[in-house]
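Visitor: I would like to go through this model with you, pocket by pocket and residue by residue. Shall we begin?

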Amino acid sequence: MNVFINDIPLIIKKNSEKIYKHRYDLILNAEDEFSSKDLIGDVLVRDVTDPFIDRILRLMEVKKLKKLKSLTLLARKKKRLILHLKDQFRIVKAAGGLVVKDGMVLMIYRLGKWDLPKGKLKKEEDPELGALREVEEECNIKVEMGEKLPSTWHSYAYNGNKILKKTNWYIMSCSDDSLMKPQAEEYIEEVRWMTPQEALGVLDEAYASIALVVRHYLGETSGKESAKEPAKEK
């Protein structure tokens, strides 16, 4: 489960999973005293319980933890902790696509961030159909469905409500971009084809959840020459 709270990766693991301590800048136990100023770099917290989740969510809501890169939580009961985390939010479902054509990746520019086309699902809408609809509407292109990518969860506030949005992501191939244009109603200013290197280069100006999806597809390095076309479903 790829969770982003205020654009900070929140990683939940079991206590039994192997951990490389040298990868973390700070290691805490859940009962330790700490303040927002202590949360710098990649932080690991051991023996996390439900009350700690409540505490850290409140802290992340009221403080701008700009120096916190990631927060990894170790728990004895991972599934229970995830359920408790979800219970703190209203869940919204969305879907979108990473569109490729001729070795290029399609990125959109919306509200000051590089993004991927996506949107909320209609009630009872199939995620794949919703993803196709949103991508075609936001970019005015025709696409075909490919393989599934990792889903992401990210939080935001709306009308006083705490929202946790699950986005289902899919690789898509573009079959027609002759009329491509940004959907102004969705505040999209630009739709641009980028090489893999260009796409990786703008991820510092993208949300962390978007960066995860793009890097998963392209790989962690910019050494790839081109993006592969997704296999078409039969």
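**Pockets, cysteines and contacts**

Guide: Start with the largest pocket. Strand 9 (118-120), helix 3 (127-139), strand 10 (142-158), strand 11 (161-176) and helix 5 each supply at least two residues of its lining. Keep in mind that this is a predicted model.

Visitor: Which residues lie nearest the centre of the largest pocket?
Guide: The largest pocket holds about 760 Å³ of space. Its lining counts 26 residues. Nearest the centre are Lys118, His154, Tyr156, Lys165 and Tyr207.

Visitor: How many charged residues are in the lining of the largest pocket?
Guide: Sort the lining of the largest pocket by class. Eight residues are nonpolar and eight are polar. The charged residues number ten.

Visitor: How much space lies in the second largest pocket?
Guide: Strand 2 (8-14), strand 5 (68-75) and helix 5 each supply at least two residues of the lining of the second largest pocket. The space in this second largest pocket is about 440 Å³.

Visitor: Which residues of its lining are closest to the centre of the second largest pocket?
Guide: The second largest pocket is lined by 15 residues. Helix 5 gives the largest share of them, four residues. Closest to the centre are Phe4, Pro9, Ala208, Ala211 and Arg215.

Visitor: How many polar residues are in the lining of the second largest pocket?
Guide: Ten residues of the lining of the second largest pocket are nonpolar. Five are charged.

Visitor: How many disulfides does the structure hold?
Guide: A disulfide needs two cysteine sulfur atoms within 2.5 Å. For Cys139, the nearest cysteine sulfur is that of Cys174, 8.9 Å away. Cys174 is likewise in no disulfide. The number of disulfides is zero.

Visitor: Is Cys139 buried or exposed?
Guide: Buried means under 20% relative accessible area. Cys139 has 0% relative accessibility, so Cys139 counts as buried.

Visitor: And Cys174, buried or exposed?
Guide: The cut-off for buried is again under 20%. The relative accessible area of Cys174 is 10%, so Cys174 is buried.

Visitor: Which residues does Ile210 touch, beyond those up to four places away in sequence?
Guide: Ile210 is found in helix 5 (residues 208-218). With a relative accessible area of 2%, Ile210 is buried. The residues Ile210 touches are Trp114, Asp115, Leu116 and Trp169.

Visitor: What separates the C-alpha atoms of Ile210 and Thr152?
Guide: Along the chain, Ile210 and Thr152 are 58 residues apart. Their C-alpha atoms are separated by 8.5 Å.

Visitor: With which residues is Arg110 in contact, leaving aside neighbours within four places in sequence?
Guide: Arg110 lies in strand 7 (residues 104-110). Arg110 counts as buried, at 10% relative accessibility. The contacts of Arg110 are Asp115, Leu116, Lys118, Glu138, Glu186, Tyr187 and Ile188.

Visitor: How far apart are the end C-alpha atoms over residues 90-218?
Guide: An unreviewed UniProt entry places the feature "domain: Nudix hydrolase" at residues 90-218. Over residues 90-218 the chain is 23% helix and 50% strand. The end C-alpha atoms are apart by 32 Å.

How values were computed: Residues are numbered from 1 along each chain as its sequence is written. This is a predicted model: local features need pLDDT of at least 70, side-chain atom pairs count only at pLDDT 80 or more; totals for chains, interfaces and linings use all residues. Side-chain values use heavy atoms; hydrogens and water are left out. Buried means under 20% relative accessible area, exposed over 50%, partly exposed in between (1.4 Å probe, protein chains only). Contact means heavy atoms within 4.5 Å. UniProt positions are given in the numbering used here, feature names are shortened, and annotations may be inferred rather than shown by experiment. On a 1 Å grid over the protein atoms alone, a cavity is a set of points where a 1.4 Å probe fits but cannot get out, and a pocket is an open set with protein on both sides within 12 Å along at least five of seven lines; lining residues have an atom within 4 Å of a point. Grid points are joined across faces, edges and corners, and a volume is the space filled by probe spheres set on the points. Ala, Val, Leu, Ile, Met, Phe, Trp, Tyr, Cys and Pro count as nonpolar, Asp, Glu, Lys and Arg as charged, and the others, Gly among them, as polar.
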